[in-house]
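Hi,

Here is the structure I promised to send over.

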Amino acid sequence: MTVPPRLSVIVPLQGPEEHFEECLRSLRDQTLPDIEVVIVRHPRAVRDQDAKAVRDLRFRVVTAATLDVGAARNTGVAHATGAFLAFAGSDAVIPADAYRALVESLENTGSDLACGKAARIAVETAGRHLAGTTVLRTHITKQPTLLQDTSVTNKVFRRAFWDEHGFAFPEGLREDFPVTIPAHVRSRSTDVLNEVVCLGRADNARSADPGRRLAAMLEVSGLLAEHAPELKRRYDRQLAEHGDLVTLLGDASIEGGVDRLLELAPELADLDPEAGDTLPVLGRLTLFLAARGRADELRKLQRFARTDIRDSGVVRRRPALPGLPRPRWYLDYPFRGDRGVPDHLYEADRDFEPHARVDDVRHCGGMLRVEGHAYIAHLESRRSHVGVWLQRGDDRIDVPIRRVSRPDVTADSGQSAVCHDDSGFVAEIDPTRLQDGRWALHAEVSARGITRSGRFAAGRSAGERKFPAGGVRVTLTEERGLTLTSGRPAEDSGCHPDDLAPCSGAEVTGVRWTEAHDLVLTGVGLSRTDTIVLRHARTAERHTWPLHLESAGGGQGRWAATIGRTEQGLPLRSGTWRVFCGDERLRLRARLVGDLPEPHTTGLHEVSFRTTLARELILVVRPALHPDERGRYATRRRGTSPQGSGTSRQGSGTSLQRRVTSWRPAGRLWDAAFFDSYGGGQYSCNPRAVSEELGRRRPDMELIWVTRDGQFTVPAGVRTVLYGSREHEQALRSCRFVVANRRTQPSWYAKRPGQMFVQTWHGTPLKRLGRDIAGMPYAQRDLDEDLERYAAMWDLMVSPSPFATPILRGAFGYRGEMLESGYPRTDVLFRPGRDRWVRRRLSIPEDRRVILYAPTWRDDELTGRRRLGLELDVGRAVEALGLDDVLLVRTHYLVADRMTIPPGVIDVSRFPDMADLLAATDVLITDYSSAMFDFACTGRPMVFFTYDLERYRDEVRGFYFDFEEEAPGPIVRNSDEVIEALKYADATPYKVRYQDFSDKFCPWDDGHASERVVGRMLA
């Protein structure tokens, strides 16, 4: 008879697997005998991990039906046979004696639950809520700080206790509190050990369904009311103070959030009345209205949170009668003054948060020069007082500062109600005069009678850095701000995850710019075979530049690398770029941490430099907009605040209005045309076709294109302006013609008399648009009044077909002239030789069949920032099709930055224009993309890979016609069916349906649509 193990460890293999082997090794090394490890993986998980697991007979692999972590853990519990249960993450490391200590404690005390401390790998130990010493046979009612002990990975449960109460992880929540807090409450006793039992990595993931998470929190609150009422008030306040409740109440602004809150109204009403006192004003209002079921007001507040909240200021209400308390500040949010909403809900004390940042620290002339800014949210910085000091325990050293103007702080503050131009300061600190110890930089800000204080954090542009200066270790981090450590060796400076990153022995020793604005990095430690690689931190984009070896000696090769335009002739796109050498596995360190170069403007971009604590060099690229041009405050300065918000209530409105006047263009309209494709993202689509035709018809007319990030080129003679710049504003307000393919323009824009606005849109509608999305839970909606405001600017709207005309009118509320001309962008499909041009550009031989896979985006994909993958197994497709076919993949521009494209295909997601790709395509694979309507004029075969047809049609977006009945090609549901359809791709079997489709949706596509549109513009 087999003796069951003492402990079963459940490991769900649902996330990244890069640290899985390290986790397995730590489990193999456990000193507790009689252990079993149940690994739960999804059927699509990489199977070679199974082999790594089963090297140890104590390990076994089971399969879960979904990718949900909670469901995987429940599956693991069902397969577990041990007397005790533990749960580990696949990227965690378990100290060798951890499970032995926890299990033996339970065996000795008879407790139901044992927990220890959890720590981040190479970072500070977490779990400070646990006792400083081991406490056995305790309970959460005796030790209320255990309310914060919500992780499951630092615990061992008695299996009989688990089964007695039927604990299970809820699906759809990536958090453990629905299990751990009830377990603490229901346990007869708990053992709390003062030792680290789990080393994990940062995981900030939360449920994609805020309503579900809020429901789970309220359920726990109800459990405490029933079984531990003395803890309920503390738990409810903890939800608010730690940001959970305010975050989730704020998420009511997402689609469906209000309805979910109203469903939870009874539970919200049962929260402790004082819990709401710790929330900011928006949270207090939301909680008050939701708990009382006031749906109409809640929806108005929802709209305010989405559109106007960052433009709403504070007001100071004076007492009506003498002898009353001094005036108080209130936020000017909806329903203030209504009898049914108490005034105290609007008191701004909780919203007056201090914002103190160090933006730069460097060692020069023997002194530490610190640049930073400090202000109080919602209050003007003009005439504010800022005090700065260094603190070590109870010791304090005041730091003299010089106030400086920082208009960039206002521009980057994300609001338009107040000005923080006067929040900047510069300080100099003599490091040689500091006594031994660790000194942290603090600030106190006073403005309009309000005083707030706190530690500095690292500014967004500062990065993190660590360097010696005058015998002091200078450390700047996002979490702990600026600290100066004196009298300790450099090695005693703490540890950070970046310190674990493999770096080469190479160092950057110098940075300079050429007259052509190319960046030249110089350094030591690289060989002749190395290259410099820049990789975008958020996307998979990478670019490589060669090294020029200058000299070699002592194993330290001196080198230089010139970083200019990319292989496509474009500047680096905005974002964060990590710098590597060689094969991208080694990062490039910076020797000049204490003296990083100043930001440099090159063309359309500003380039600045940051480092990590490991001295990794990072380039930060952003559009070169002046502080007066970027941000919501600048938008308000241009004459119309976003969404029509009023001026500041603190006296700055008059001065702002004087500045507005000088920004408005004066005089007659220019004989010029302004073009906007996808908000300045591309030189493409219908605006491109109109622009080129207008240039042929009127070569004397100036053509101006707006570019958001310089990521496209334009023909000779065409001018570009940077989105949001003064040049952009001047052109948009002064050109005779405005041609755009999306519904929105900057909120400060108002069409001038005499301007002609041509709205081309960008596709025949299969998917529902604008107003017609009502009722679809995931769709991104537009407010009706916003649609009307934008549509009222249009003088002419281009329609591709009689089918599309009434849909476009109704969806956007457009009442003006409709030009049924066909789509200009399809003209290129009728030009001989365009396909050969595209093939040459992509290095595709003319005898190869080109297959283009172009899926559209899903509205629910925009709810998170997770990496996305293709549903089509492109690797198998390439293998099955053979050498005669070339597979291109073009992801939708809205999600292209988050898409992972496997090797073996040509990624054309950033190819300038989809129309050119269609001209070279022999077979199109798509789903619900409007590309199908453009491609129909070619008569070439299409395959429709609609793996989520019912969900997309019924829940995500909705259709305007019966797609299954009218699709001009096979509708397939999986990769095997796609591959089979491609082997015999032929439009002939769908000849009749194809012709009907073409007649209905693209009857005017004949290669002359651009001529018709430009003819109407010039008429």
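A quick definition before anything else: I call a residue buried if its relative accessible area is under 20%, exposed if over 50%, and partly exposed in between, using a 1.4 Å probe and protein chains only. Keep in mind that this is a predicted model, where local features need pLDDT of at least 70 and side-chain atom pairs count only at pLDDT 80 or more, while totals for chains, interfaces and linings use all residues. Residues are numbered from 1 along each chain as its sequence is written, and side-chain values use heavy atoms, with hydrogens and water left out.

Let's start with the aromatics. Rings of Phe, Tyr and Trp (its six-membered ring) pair if their centres lie within 6.5 Å; planes under 30 degrees apart are stacked, over 60 edge-to-face, and the rest tilted. That rule gives 34 aromatic pairs. In one of them, Phe157 and Trp162, the ring centres are 5.1 Å apart and the planes at 75 degrees, so this pair is edge-to-face. Phe157 and Trp162 are both buried, and they belong to one aromatic cluster together with Phe87, Phe161, Phe167 and Phe169.

Tyr928 and Phe959 make a tilted pair, because their planes are at 45 degrees, with centres 5.5 Å apart. Tyr928 is in the loop between strand S46 (923–926) and helix H24 (931–935), and Phe959 is in the loop between helices H25 (949–956) and H26 (963–966), so the pair ties together parts 31 residues apart in sequence. (Helices, H or I of at least four residues, and strands, E of at least two, are DSSP runs numbered from the N terminus.) Tyr928 is buried, at a relative accessible area of 0%, and Phe959 is buried too, at 9%.

Next, a serine. Ser105 sits in helix H4 (residues 98–109) and is buried, with a relative accessible area of 8%. Leaving aside residues up to four places away in sequence, Ser105 touches Leu136, Asp191 and Leu193, where contact means heavy atoms within 4.5 Å.

Finally, a helix pair. Which residues of H17 meet H29? They are Ala689, Val690, Glu693, Leu694 and Arg697, and their partners in H29 include Val1013, Val1014 and Met1017.

Cheers
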